[in-house]
Every structure is written in structure tokens, then in C-alpha cells.
Amino acid sequence: MKRASPRLLALLIGLTGSLHAHVIGDASHDASARLFAREFAPVRVALYRHAAADRLEGGGGGSHSPLLAMFGRFAPAVRVRTEGDVLLIESNGLPAHGMMVGITAWQQQVPLPQPYTGDNAWRIPLHPRPSSNPVSIKDRFLRGAIALAANGVPIFNPQNNRGEISAEIGELDQWGGHCGRADDYHYHAAPLHLQAVLGERLPIAYALDGYAIYGLNEPDGSAPQGLDAFNGHETPALGYHYHASLKYPYVNGGFRGVVVERDGQVDPQPRAQGVRPALTGLRGAKITAFEGTPGATPSKLTYTVNGNPASISYTAEAGRAWKFHFVAADGTVRDETYRAGGGGKGGGKKKDGGKRE
Ligand SMILES: [Zn+2]
Ligand SMILES: [Zn+2]
């Protein structure tokens with residue numbers, strides 16, 4: 001496979017950096033950027049389409065072109081930089097689409113922005129290496145992410161950390177996601193809806209071993225042939241890559257490439273950071289609506305318990321605090337303020353076990 005020339009790669013990374021330099025590491029700008037992304041998503045996509053990425057995508061720019069073009073479509077919410085042979089991807093882990101609606105098996109978590117930045121960024125190898133011992137994800141890698149979607153939202157194992165298939169037990173919203181113990185939003189299925197932004201020629205995600213995950217079809221629209229047990233195969237045009245599927249495993253069913261497994265997850269990977277204690281399942285709950293952009297605007301999750309209405313409203317406060325207002329299904333009202341660092345950790349840290357994430 002051809003590689004992008006270092007000069008071309010530097011140009012693309014440089015372009016990304018110069019376009020969005022004002023956003024990186026600036027919390028107030030991040031908040032407005034998120035608001036902007038939510039309110040004007042179609043405009044944003046048009047504005048931030050990278051000319052260089054488009055050239056690479058269309059012009060045979062080498063093996064990195066789909067990787068960079070894919071994340072480029074979600075700039076400035078998703079930002080990339082290189083560090084040696086690794087692409088670092090920064091995001092707050094929140095999508096521009098709706099969240100949480102339709103969930104019937106719910107751990108009472110809500111979406112909060114996550115600091116997937118700096119040393120806590122996502123890492124994708126630029127030069128994936130086939131493993132001499134490819135490993136399945138079945139009943140393994142049940143913690144943390146196995147892939148990263150184009151919009152900077154992590155994709156977890158289709159099995160939750162108790163081994164159940166999340167998509168089959170009401171845990172997921174209409175977009176294939178939900179929130180973990182650190183109020184960290186993530187998918188447990190293939191986010192094929194991202195093709196509305198990406199088109200069908202680009203991958204929808206990259207597995208953490210560095211191989212791309214394409215949609216249900218090849219970029220030319222034909223059906224994939226000869227997929228292996230991991231939903232992957234090798235083609236002359238793309239080399240080794242995975243495909244999404246509408247049933248298990250939904251994404252990559254294992255890692256064809258080299259990954260390091262530590263404490264039941266791919267290592268290293270970012271840590272989600274909670275601000276409030278992890279909670280338990282709420283029997284009879286059904287999430288009916290979600291409004292707002294967490295971190296940028298007041299947000300409200302509305303649900304019912306056995307048909308009785310309830311809600312959680314929350315707002316970011318100064319000093320990395322969050323003010324919550326709970327209206328329970330029995331009419332009880334409660335206010336709480338949580339501060340960053342006060343809650344359970346997500347993906348990157350050992351759990352006390354037994355809970356969904
Ligand atoms: Zn294929
Ligand atoms: Zn989960």
C-alpha cells in the first residue's frame with residue numbers, strides 16, 4: 001500500500017491546526033464550538049470540509065487518506081495531530097445528533113462532555129501491523145473502547161461489561177449509543193447514521209488496531225466478499241479493513257492488528273472522567289426526550305417510569321461544576337451540585353465490577 005508522503009501529511013495536519021488553532025485547549029471556545037456544531041451542523045460540515053482531505057480522498061493520496069478525511073469531516077469538534085506513528089484524536093465524546101431517546105434499560109446516567117484531549121486523546125496507529133495472533137472480542141475487551149467513530153465518539157464492544165449484547169436488551173438509543181458510569185456517551189453498535197455526513201466512500205470509524213471500519217458496502221457500493229470472523233477482509237484497493245453489520249458483531253469482531261490488552265481493555269486509551277457517583281438500573285424506565293448541548297446549553301433528559309413522567313435537568317457551572325435538578329417519577333424534587341473529579345471513572349480505570357457501562 002502507498003503511504004501519504006510526509007510532506008502531504010504535514011500539510012494536512014498543518015491545515016487542520018491552523019484552521020482550528022483557536023479551538024484547541026480553550027474551554028470557552030470549545031463550548032461555543034459545540035453549540036455551533038449542534039445548531040448549524042450542515043453549515044459546519046460545508047465550512048470545515050478540508051480541501052486537502054478531499055484531494056487525498058479523491059486523488060489516491062495513500063493509506064492515511066481515508067483516516068484523515070474521515071475525521072476531517074467532523075472538524076472542528078474532532079481535532080487530529082500526529083505523534084510519531086500514531087494519530088491523536090481529540091474530542092469531547094459528544095455527538096452532534098440526538099442522544100438517549102428510546103433507551104429502556106437505563107443506569108440513570110446522562111451525557112456529559114469528556115476531556116479526550118492532550119495526553120488523554122484517542123490514539124490510532126498510522127501503520128497498523130497484522131498480528132501473528134489476532135484476537136476475537138467475544139467475551140474479551142469488555143471494558144473501554146474497541147474503536148473510535150468519525151465524530152470522536154468511542155465505540156465499545158457490542159457486549160456490555162456483563163457480556164450481554166447491548167443492542168438486544170434495550171440499552172441503546174436510536175443512534176446505537178448510551179452513557180457509561182462516568183456519564184460518558186459511547187456506541188455499542190455501528191454508527192451507520194454518520195454516513196449522512198460522511199457519504200459511503202469513507203470509513204465510519206477506525207478500530208483501535210488501526211484498521212478502518214467501512215459501512216455495509218465497499219466504497220464503490222458493491223457488497224463485501226469473503227469477510228472473516230472479525231467482519232474484515234483484504235482488498236486490493238483498501239488493504240485489510242472491517243465492515244459494519246446490522247447484527248453481531250456490528251463492528252470489528254476482533255483485532256486483526258496488534259493491540260495491547262491490559263485489565264480487559266485496549267491499552268493505552270483515554271479515561272472518561274465522571275463528576276457524580278455511578279448509579280444503578282431504574283426498572284420500568286423509558287427515555288422519551290433529550291434537549292440541549294451538555295456543556296454549552298442547559299440540558300434536559302425526560303423519561304417515564306411505568307408511564308409516570310420524570311426528568312433530569314443539568315447545567316455547567318463555573319469551576320468545572322455541574323448543577324443537577326432531578327424530578328423523580330413519584331414527584332420528589334432534588335437539587336445537587338457535582339464537581340469534576342468527584343465521580344466514577346469510565347473506560348480507562350478499573351471498575352468495582354458488575355455494573356453496565
Ligand atoms: Zn471491504
Ligand atoms: Zn456502554
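These notebook entries record what I looked up in one predicted model.

**Entry 1. The chain as a whole**

I began with the secondary structure and found six helices and 20 strands in the chain. I then turned to burial: of the 357 residues, 45% are buried. I also looked up how far apart in sequence the contacting residues lie. Among contacts with a separation of 6 or more, 66% are between residues 24 or more positions apart.

**Entry 2. The nonpolar core**

I asked which residues have the most contacts inside the largest nonpolar core. They are Ile-146, Ala-147, Leu-148, Ile-155, Ile-204, Ala-205 and Ile-213, and the core itself has 71 residues. I noted beside this that nonpolar side chains in soluble globular proteins tend to be buried together.

I followed Ala-205 further. Leaving out residues up to four places away in sequence, Ala-205 touches Ala-147, Leu-148, Ala-149, Ala-150, Ile-155, Pro-191, Ile-213 and Val-251.

**Entry 3. Helix H5**

I next examined helix H5, residues 65-72. Is this helix largely enclosed or exposed? Eight of its eight residues are buried, so H5 is largely enclosed by the rest of the structure. The buried residues are Ser-65, Pro-66, Leu-67, Leu-68, Ala-69, Met-70, Phe-71 and Gly-72.

**Entry 4**

I looked up how strand E11 (residues 232-235) pairs with E12. The two strands run antiparallel and are joined by four bridges. In one of the pairs, His-233 has His-241 in E12 as its bridge partner.

I continued into the loop between strand E12 (239-243) and strand E13 (254-257), where Pro-249 is placed. The peptide bond from Tyr-248 to Pro-249 is cis, and its omega is near 10°.

Tyr-250 is in the loop between E12 and E13 as well. Its phi is near 70°, a positive value in a residue other than glycine. Is Tyr-250 buried or exposed? I counted 24 other C-beta atoms within 10 Å of Tyr-250; because 20 or more are required, this residue is buried.

I found another cis peptide bond between Asp-267 and Pro-268, with omega about 0°. Pro-268 lies in the loop between strand E15 (265-267) and strand E16 (285-291).

**Entry 5. The sheet from E16 to E20**

I traced an open sheet of five strands in the order E16-E17-E18-E19-E20, with antiparallel pairing. At its edges are E16 and strand E20 (333-339), each of which pairs on one side only. Neighbouring strands of this sheet are turned by 20° against each other on average, direction ignored.

I then looked at one pair within the sheet. Strand E19 (residues 321-327) and E20 are antiparallel and share seven bridges. Phe-324 has Glu-336 in E20 as its bridge partner.

**Entry 6. Asn-306**

Where does Asn-306 lie? I located Asn-306 in the loop between strand E17 (299-305) and strand E18 (308-317). Asn-306 is not a glycine, yet it has a positive phi of about 50°. It has 9 C-beta neighbours inside 10 Å, and because 12 or fewer is the limit, it counts as exposed.

Technical notes:
Residues numbered from 1 in each chain as written. Chains lettered and ligands numbered in written order. Predicted model: local features only at pLDDT ≥ 70, side-chain atom pairs only at ≥ 80, totals over all residues. Pairing = 2+ DSSP bridges. Axes fitted to C-alpha atoms, helices over the stretch in contact; angles between N-to-C directions. Core = buried A, V, L, I, M, F, W, Y, C linked by C-beta atoms within 7 Å. Contact = placed C-beta atoms within 7 Å.
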